[in-house]
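Keep the model open as you read.

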Amino acid sequence: QVQLVESGGGLVQPGGSLRLSCVVSGTIGRLDDMAWYRQAPGKQREWVAVVNFGGTTNSADSVKGRFTISRDDAKKSAYLQMNSLKPEDTAVYYCNANGLSASFQRVTYWGQGTQVTVSS
């Protein structure tokens, strides 16, 4: 069974940094896009950043220049380096992975989320 396990969340002061990690456990046929989403209290889940199989990245305007997404396919992992954090970045951050299962069906997986709180 494939699972996404996130780590790296926590409490940080404004202006600080955190690095989130997402590891894909289990057997997956092919790992395509990996992305991060977030959901703040009382708000809908929103897309933060994506990295495709070739390593091309894109991110939401709200985090451009501050957050960097990357991946390590050998480790079946994705990362989100978050710098210059602001209180409005406070949210539960979710890892998302898309690809093909071992039986070559399209699949989408979600992690359970990791809390990021930016507060003084």
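**Salt bridges and a loop**

This predicted model holds six salt bridges, a salt bridge being a side-chain nitrogen of Lys or Arg within 4 Å of a carboxyl oxygen of Asp or Glu. Side chains of opposite charge can pair when their charged atoms come close. The model counts side-chain atom pairs only at pLDDT 80 or more and local features at pLDDT of at least 70, while totals for chains, interfaces and linings use all residues. Residues are numbered from 1 along each chain as its sequence is written, and side-chain values use heavy atoms, leaving out hydrogens and water.

Start with arginine 106 and aspartate 32. Their side chains form a salt bridge at 3.1 Å, N to O. Arginine 106 sits in strand β10 and aspartate 32 in strand β4 (residues 30-39), so the pair ties together parts 74 residues apart in sequence. Strands here are DSSP runs (E, at least two residues), numbered from the N terminus. Arginine 106 is exposed, at 56% relative accessible area. Aspartate 32 is buried, at 11%. Buried means under 20% relative accessible area, exposed over 50%, and partly exposed in between (1.4 Å probe, protein chains only).

Next, arginine 71 pairs with aspartate 73, with the closest N and O atoms 2.8 Å apart. Arginine 71 is buried at 15%; aspartate 73 is partly exposed at 37%. Shared partners also link Arg38, Glu46, Arg66 and Asp89 into one salt-bridge network.

Finally, find alanine 102 in the loop between β9 (91-100) and β10 (106-110). Leaving aside neighbours within four places in sequence, alanine 102 contacts Thr27, Ile28 and Gly29, where contact means heavy atoms within 4.5 Å.

Terms used:
Helix = DSSP H or I, 4+ residues; strand = E, 2+ residues; numbered from the N terminus.
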